[in-house]
Amino acid sequence: MRWLAYKKLSLKESSYAFYSIMIEKHLLPDFGKLAVREIDSERINTFLSAQKKSGHVKTQGPLADKTLSEIKSILTRILKYAKSLHLIGEVPESAPVTVKQKATSVFTEQEIILIENRAQEEETPFAVGLLLTVYTGLRIGELCALKWEDFDWANGTIHISKTIARVNDVNGISGAKTHLVIGSPKTESSNRIVPIPHSVLAYFKAHAGAPSHYVLTGRAKFMEPRVCRARYTRFLKRAGVKHHTFHTLRHTFATNCVEQGMNVKALSEILGHSDVSITLARYVHPSMALKKEQINKLKTFANR
């Protein structure tokens, strides 16, 4: 695939692997034998319709709207590249793919208290790492890659500059289907400085390990995300908390920050988002109590 070869040098390995799989599993079976000039609006819309109904590779069932949107985005990028090479005149238009924003759950205040209490009882490196996520909203890959040398105790901050991810081995280098990659965060804005709340700074400093050791393990060897998820699931059971995904810690952190009046732009930078709109749409879920509090601030017309 000419476009993929062109993009390879500018893509992170995880992104390159993702694009490769999407192209191999979804695009090539339908478009691989066609000249790019033969790909028109009708073919694209027929393809998208078929993928939506039965595009799931393993089950042959419906394909999630988010996945369908990503496939369409890749196809559009390929066609734009073809246009830049003067292989086609214009990029064909196609039907829009609507991705519904899923309602995102957050931990309740009581659940966070149970998590904090259990973490402080156990006081293992893993428990300390979970507490750090509660107060900073780190992504799981960022937490797994975090070392104590990334902490600036004088300024009370953490430098997030690495992430760990398991990616498909599309080049066959490792001899396995997947392999682990330690690299830069997902976007330029994800490489950031995150402040630690003053109220818990002393706690984390007291539990810090050797600078070269990873926070989650307390050793020079890291913990990969899928192991972290499994340990997190067992931790929630011990804490007596209903299971939520690990990412719910991040959702909860962001929601609590907004409900306590944090500036959304500042929160966006702490979370490592490239745009404030991402923070508002994806991670901010005001509680009904807050909505009622805000709506009750409105004055009646008679009292204005």
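Which residue forms a salt bridge with K265? The model is predicted: local features need pLDDT of at least 70, side-chain atom pairs count only at pLDDT 80 or more, and totals for chains, interfaces and linings use all residues. Residues are numbered from 1 along each chain as its sequence is written, and side-chain values use heavy atoms, with hydrogens and water left out.

**View A. Salt bridge between E269 and K265.** The closest N and O atoms of E269 and K265 are 3.7 Å apart, a salt bridge being a side-chain nitrogen of Lys or Arg within 4 Å of a carboxyl oxygen of Asp or Glu. The two residues lie four residues apart in helix α11 (residues 264-271), about one helical turn; helices (H or I, at least four residues) and strands (E, at least two) are DSSP runs, numbered from the N terminus. E269 is partly exposed at 46% relative accessibility, as is K265 at 47% (buried means under 20% relative accessible area, exposed over 50%, partly exposed in between; 1.4 Å probe, protein chains only).

**View B. Salt bridge between R192 and E142.** The closest N and O atoms are 2.9 Å apart, and both R192 and E142 are buried. R192 belongs to strand β5 (residues 192-195) and E142 to helix α7 (residues 140-145), so the pair ties together parts 50 residues apart in sequence.

**View C. Salt-bridge network of R118, E121, E122 and R238.** Within this view, R238 and E122 meet at 2.7 Å, N to O. R238 lies in helix α9 (residues 225-239) and E122 in helix α5, 116 residues apart.
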